[in-house]
Amino acid sequence: MDNQDLSSIVIDLAVRGYLRIIEKEIKNLIGTSQSFSIQRTEKNSNDLTDYERILLDAFFGSGKTFDLAGASRHTDKLFSARRRIQDKLYRLMVARGWFVRNPRTVRYYFYGLAAAVAVVTAVVLFPLVSLA
């Protein structure tokens, strides 16, 4: 899960009315720049998935506004939420039948398999190369 995945969840929540994305124009000596913040709406979040609730909690906690320009101050909290969001999202994908097993588990299985093949190949080929 990367920033694009999180951004798509934020945009989806905005489209569905759970938050607003607010663009701010900031004037400075050079000209103007743009900054964004997200604001939680009053819409009831009972029908959200677990991963959507985790994301909202990571951004807002008990507040209503999150300034994206200041996101670097919340890196630890957002990183922790990203992992929990990914876990919940993977479980949901398995539950809905989109994947047979957790994608992370399958990925690690194939990493291990590739490493084992590399080791076996090295063990088998090393003596052959040293004989030549």
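This report describes the sheet, the helices and selected side-chain arrangements of a predicted model.

## Basis of the description

Because the model is predicted, local features require pLDDT of at least 70 and side-chain atom pairs pLDDT 80 or more, while totals for chains, interfaces and linings use all residues. Residues are numbered from 1 along each chain as its sequence is written, and side-chain values rest on heavy atoms, without hydrogens and water.

Helices (H or I, at least four residues) and strands (E, at least two) are DSSP runs, numbered from the N terminus.

Three strands form an open sheet in the order β1-β2-β3, with antiparallel pairing; two strands pair if DSSP finds at least two bridges between them. The edges are held by β1 (19-27) and β3 (65-67), each with a single partner strand, so one side of each lacks a neighbour in the sheet. On average, neighbouring strands are turned by 25° against each other, direction ignored.

Strand β2 (residues 32-40) is joined to β3 by three bridges, and the two run antiparallel. Gln39 has Thr65 in β3 as its bridge partner. Helix α1 (residues 3-15) lies across β1 and β2 and runs at about 110° to β1. Axes are lines fitted to C-alpha atoms, for helices over the stretch in contact, and angles run from 0 to 180 degrees between N-to-C directions.

## The enclosed helix α2

Eight of the eleven residues of α2 are buried, so the helix is largely enclosed by the rest of the structure. Buried denotes under 20% relative accessible area, exposed over 50%, and partly exposed the range in between (1.4 Å probe, protein chains only). The buried residues are Tyr51, Glu52, Ile54, Leu55, Leu56, Ala58, Phe59 and Phe60. They pack against α1, β1, β2, β3 and α3 (75-95). Just after α2, Gly61 adopts a positive phi of about 55°.

Glu52 lies in this helix, which spans residues 50-60, and counts as buried because its relative accessibility is 3%. Leaving aside residues up to four places away in sequence, Glu52 touches Ile9, Asp12, Leu13 and Arg16, where contact means heavy atoms within 4.5 Å. The side chains of Glu52 and Arg16 are also joined by a polar contact of 2.7 Å. Such a contact is a pair of N or O atoms within 3.5 Å; within protein, one must be able to donate a hydrogen and the other to accept it, and residues adjacent in sequence count only if both atoms are side-chain atoms.

## Aromatic rings

The structure holds four aromatic pairs. One of them is the tilted pair of Phe59 and Phe66, at 4.8 Å centre to centre and 55° between the planes. Rings of Phe, Tyr and Trp (its six-membered ring) pair if their centres lie within 6.5 Å; planes under 30 degrees apart count as stacked, over 60 as edge-to-face and the rest as tilted.

Tyr108 and Tyr111 form another tilted pair, with 6.2 Å between centres and 45° between planes. Both lie in helix α4, three residues apart, about one turn of the helix. Tyr108 is partly exposed at 46% relative accessibility, whereas Tyr111 is exposed at 53%. Phe110, also found in helix α4 (residues 103-131), is partly exposed with a relative accessible area of 49%.

## A charge over a ring

The charged end of Lys43 sits over the ring of Tyr18, 4.6 Å from its centre. This term requires NZ of Lys or CZ of Arg within 6 Å of the ring centre and within 35 degrees of the ring normal.
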